[in-house]
Amino acid sequence: MSVAQRENQNDITTAAKIATTGRLNKGQLFRSLSHSLDNAFSPFLHQGEPEDYKEFVEKSPKILYAMECIRSVRAYHKGRGEDVSGQVVYSNRGKRFFPMIKAYLEEEIGYKSGVKWGRMKLDEVEIIAGGMSATRKENIKEAFLDGVVKIIIGTATIRARNAFLSMGN
C-alpha cells in the first residue's frame with residue numbers, strides 16, 4: 001500500500017466507523033466499502049489526479065505489480081526468441097484510467113502501436129469497454145487470437161466475452 005493509499009484508507013476507515021457508531025448507516029458503510037475497493041486499485045480513484053501515466057502506474061502498487069508481471073512474461077518470450085503470449089488485464093474499476101495503463105505498456109515496456117493486421121492497423125495493447133462497436137470488439141478479438149494484439153485491457157465487457165480468450169492462445 002502506498003503512502004497515498006494509506007492516507008486514503010485512514011479516511012475511509014474513519015467514515016466506516018462513523019457509519020457503524022450508534023444507529024447503523026448502511027448507505028455510508030457500503031459507500032466506505034466501495035471507496036476502499038477503489039483505493040485498493042489506485043489511490044487516484046479515491047482522490048486526486050495523476051500527472052501522467054507513469055505516476056498513475058507507479059503510485060498504484062497493484063497496477064505496478066501487474067505491469068511488472070507483463071514485463072517479465074514479455075522478456076521471457078523475447079529471450080527465448082518466441083512470440084509474446086497474449087494477456088488480459090481485467091478490472092471492473094478505473095475504466096477512465098485504462099488509457100494510462102495502455103500508455104505505460106507502450107512507453108515503458110515496449111509494446112507497439114500501429115501494427116498492421118490485414119488491412120487494418122491496431123495496437124499491440126487494445127482496450128475493450130462498453131460503448132465500442134461490436135465490429136471493433138470483434139476485430140480486436142480476432143487480432144488477439146492471431147497474436148497481433150498482445151494485451152487486452154477491459155471491463156466486464158471482456159469478461160462477458162470470456163469464451164474467446166481461451167481459444168487459440
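## Overall architecture

Of the 169 residues in the protein, 40% are buried. The model is predicted. Along the principal axes, the C-alpha atoms occupy a box of roughly 65 × 30 × 25 Å.

The secondary structure comprises eight helices and five strands. Read from the N terminus, the order of elements is α-α-α-α-α-β-α-β-β-β-α-β-α.

## Aromatic pairs

The protein contains three aromatic pairs. In one of them, the ring centres of tyrosine 53 and tyrosine 104 are 6.2 Å apart and the planes meet at 70 degrees, an angle over 60 degrees, so the arrangement is edge-to-face. Tyrosine 53 belongs to helix α4 (residues 53–58) and tyrosine 104 to helix α6 (residues 98–109), so this contact ties together parts that lie 51 residues apart in sequence. Tyrosine 104 has a relative accessibility of 3% and therefore counts as buried, the limit being under 20%.

A stacked pair is formed by phenylalanine 56 and phenylalanine 97, with 4.6 Å from centre to centre and 10 degrees between the planes. This pair, too, links distant parts of the chain: phenylalanine 56 is in helix α4, while phenylalanine 97 is in the loop between β1 (87–90) and α6, 41 residues apart. Both phenylalanine 56 and phenylalanine 97 are buried. Together with Phe44, the residues Phe56 and Phe97 make up one aromatic cluster.

## A charge over a ring

A further contact of an aromatic ring involves a charged side chain. The charged end of arginine 74 is positioned over the ring of tyrosine 111, at 4.9 Å from the ring centre.

## The largest pocket

Helix α5 makes the greatest contribution, with six residues. By residue class, the lining of the largest pocket has eleven nonpolar residues, two polar residues and one charged residue.

Lysine 62 is located in helix α5. With a relative accessibility of 54%, lysine 62 counts as exposed, because the threshold for that class is over 50%. Between lysine 62 and leucine 24 there are 32 Å in space, C-alpha to C-alpha, for a separation of 38 residues in sequence.

Glycine 110 is placed in the loop between α6 and β2 (115–117). Its relative accessible area is 31%, so glycine 110 is partly exposed. Glycine 110 and methionine 67 are separated by 43 residues in sequence, and their C-alpha atoms are 12 Å apart in space.

## Helix α7

Helix α7 (residues 134–145) contains twelve residues. From first C-alpha to last, α7 reaches 16 Å, close to the 16 Å expected at 1.5 Å a residue. After α7 comes glycine 147, which has a positive phi near 85 degrees.

Which residues of α7 are buried? They are Lys137, Asn139, Ile140, Lys141, Ala143, Phe144 and Leu145. An α-helix has 3.6 residues a turn, so residues three or four places apart point the same way. Glutamate 138 also lies in helix α7. The relative accessible area of glutamate 138 is 30%, so this residue falls in the partly exposed class. Glutamate 138 and isoleucine 128 are ten residues apart in sequence, with a C-alpha to C-alpha distance of 9.9 Å.

Terms used. Residues numbered from 1 in each chain as written. Predicted model: local features only at pLDDT ≥ 70, side-chain atom pairs only at ≥ 80, totals over all residues. Heavy atoms only, no water. Helix = DSSP H or I, 4+ residues; strand = E, 2+ residues; numbered from the N terminus. Expected span 1.5 Å × (residues − 1). Buried < 20%, exposed > 50% of the residue type's maximum accessible area, 1.4 Å probe, protein only. Phe/Tyr/Trp six-rings, centres within 6.5 Å; stacked < 30°, edge-to-face > 60°. Lys NZ or Arg CZ within 6 Å of the ring centre and 35° of its normal. Nonpolar A, V, L, I, M, F, W, Y, C, P; charged D, E, K, R; others polar.
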